[in-house]
Amino acid sequence: MKVTINPTTCVASENCSLIAPRVFANREEDDGFVSVIDAHPPRSEWAAAREARDLCPSATIWIEEDADDTDPSEGAHG
Ligand code: SF4
């Protein structure tokens, strides 16, 4: 998994760092705009990273899934 952001669209809502604090930060010195603190998060953070992407109000967060990123616990095969 690779996490990237578009800094021009972030509206500093701070949702992402609340949902995935090991992947995103909204620092006071950046006026709350997002930083990626782990662009290649461990598997344990994937669900939170995806949720942050899904709940970002400005579609600022992009996640590239690698071919081996399928999490067997997500029940891809039912
Ligand atoms: S949730 Fe989206 S808009 Fe809000 S701080 Fe994070 S990246 Fe920016």
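Author: A residue is buried here if 20 or more other C-beta atoms lie within 10 Å of its own. The model is a predicted one.

Reader: How much of the chain counts as buried?

Author: Of the 78 residues, 19% count as buried.

Reader: What pattern does the chain follow along the sequence?

Author: The pattern reads β-α-β-β-α-β. That comes from two helices and four strands.

Reader: Which residues form the largest nonpolar core?

Author: That core has 12 residues. Among them are Met1, Val3, Cys10, Cys16, Phe24, Ala49, Ala52, Cys56 and Ile61.

Reader: Take Cys56. What does Cys56 touch, leaving out residues up to four places away in sequence?

Author: Cys56 touches Asn15, Cys16 and Ile61.

Reader: Now the ligand. Which residues come nearest?

Author: Cys10, Ser13, Asn15, Cys16 and Cys56 do, out of 16 residues around the ligand. Helix 1 (15-19) and strand 2 (24-26) each give two or more residues to that shell.

Reader: How do the shell residues divide into nonpolar, polar and charged?

Author: There are 10 nonpolar, five polar and one charged.

Reader: Switching to helix 2. Which of its residues are buried?

Author: Helix 2 spans residues 46-55, and its buried residues are Ala49, Ala52 and Arg53.

Reader: Why do they line one face of the helix?

Author: Seen down the axis of helix 2, they fall within an arc of 100 degrees, so they line one face. An α-helix has 3.6 residues a turn, so residues three or four places apart point the same way.

Reader: What do those buried residues pack against?

Author: They pack against strand 1 (2-5), helix 1, strand 2 and strand 4.

Reader: Where do I find a positive phi in a residue other than glycine?

Author: Glu14 is one of them, with phi near 70 degrees. Ala12 also has a positive phi, about 55 degrees. Ala12 lies in the loop between strand 1 and helix 1, and Glu14 has its place in that loop too.

Reader: Why does Ala12 count as partly exposed?

Author: Because Ala12 has 13 C-beta neighbours inside 10 Å. Glu14 counts as partly exposed with 15.

Reader: Last one. Is Asp69 buried or exposed?

Author: Asp69 is exposed, because 12 other C-beta atoms lie within 10 Å. Asp69 sits in the segment after strand 4 (61-64). Its C-alpha is separated by 6.5 Å from that of Met1, 68 residues apart along the chain.

Methods: Residues are numbered from 1 along each chain as its sequence is written. This is a predicted model: local features need pLDDT of at least 70, side-chain atom pairs count only at pLDDT 80 or more; totals for chains, interfaces and linings use all residues. A nonpolar core is a set of buried Ala, Val, Leu, Ile, Met, Phe, Trp, Tyr and Cys residues joined through C-beta atoms within 7 Å. Two residues are in contact if their C-beta atoms, placed from the backbone, lie within 7 Å. A residue is near a molecule or strand if its C-beta atom, placed from the backbone, lies within 6 Å of it. Ala, Val, Leu, Ile, Met, Phe, Trp, Tyr, Cys and Pro count as nonpolar, Asp, Glu, Lys and Arg as charged, and the others, Gly among them, as polar. The arc is that of the directions from the helix axis to the C-beta atoms.
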